[in-house]
Amino acid sequence: MTTMHAAGPFDVKLSPQVLAVEDKVEGATLGRMSIDKQFHGDLEASSKGEMLSAMGGTPGSAGYVAIEKVSGTLHGRSGSFVLQHNATMTRGTPALNIIVVPDSGTGELAGLSGAMTIIIADGKHSYAFDYTIAPTP
């Protein structure tokens with residue numbers, strides 16, 4: 001299989017949501033957001049998802065997990081897939097892992113696997129996505 005590369009800008013809207021649990025304990029502050037994205041470039045798609053976050057007691061330290069379902073076209077192939085996010089920031093140093101949930105691809109994106117990177121520069125968001133599409137059984 002050949003690894004493909006997709007890139008482009010995206011717009012994101014995060015909206016605060018009510019937590020399912022109460023956050024009245026001293027220490028980290030918990031948060032929940034809905035995700036609404038529009039991808040452009042090699043990935044022409046929209047996504048909807050949910051994010052859970054925690055802000056640490058030290059400035060610049062936090063973490064989040066998220067799941068988002070992406071629907072549209074990737075290099076002209078139509079379908080949908082799910083991205084799983086896992087990220088931390090330790091005193092300002094970020095670590096980000098975004099992968100395609102195994103076997104979540106549909107339509108012409110069945111068999112999709114890969115990893116995405118988010119780039120934020122000058123207040124604008126873009127993505128770099130390295131992926132493969134395996135033949136489905």
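User: Which residue forms a salt bridge with Asp-36?

Analyst: Lys-48 does, in this predicted model. To read a salt bridge, look for a side-chain nitrogen of Lys or Arg within 4 Å of a carboxyl oxygen of Asp or Glu. Here the closest N and O atoms are 3.1 Å apart. The pair links distant parts of the chain: Asp-36 sits in strand E2 and Lys-48 in strand E3, 12 residues apart.

User: How many salt bridges does a search of the whole structure find?

Analyst: The search finds 3. One of them joins Arg-32 and Glu-50, with the closest N and O atoms 3.1 Å apart. Arg-32 belongs to strand E2 (residues 29–39) and Glu-50 to strand E3 (residues 43–55), so this pair ties together parts that are 18 residues apart in sequence.

User: Which residue pairs with Glu-68?

Analyst: Lys-37 does. The closest N and O atoms of this salt bridge are 2.9 Å apart. Glu-68 lies in strand E4 (residues 62–74) and Lys-37 in strand E2, 31 residues apart, and the pair links distant parts of the chain.

User: Is Glu-68 buried or exposed?

Analyst: Read the relative accessible area: under 20% is buried, over 50% is exposed. Glu-68 has 0%, so this residue counts as buried.

User: What about Asp-36 and Lys-48: buried, partly exposed or exposed?

Analyst: Asp-36 is partly exposed, at 29%. Lys-48 has 55% relative accessibility and counts as exposed.

User: And where do Arg-32 and Glu-50 fall, by relative accessible area?

Analyst: Arg-32 is partly exposed, at 26%. Glu-50 also counts as partly exposed, at 37%.

Methods:
Residues are numbered from 1 along each chain as its sequence is written. This is a predicted model: local features need pLDDT of at least 70, side-chain atom pairs count only at pLDDT 80 or more; totals for chains, interfaces and linings use all residues. Side-chain values use heavy atoms; hydrogens and water are left out. Helices (H or I, at least four residues) and strands (E, at least two) are DSSP runs, numbered from the N terminus. Buried means under 20% relative accessible area, exposed over 50%, partly exposed in between (1.4 Å probe, protein chains only).
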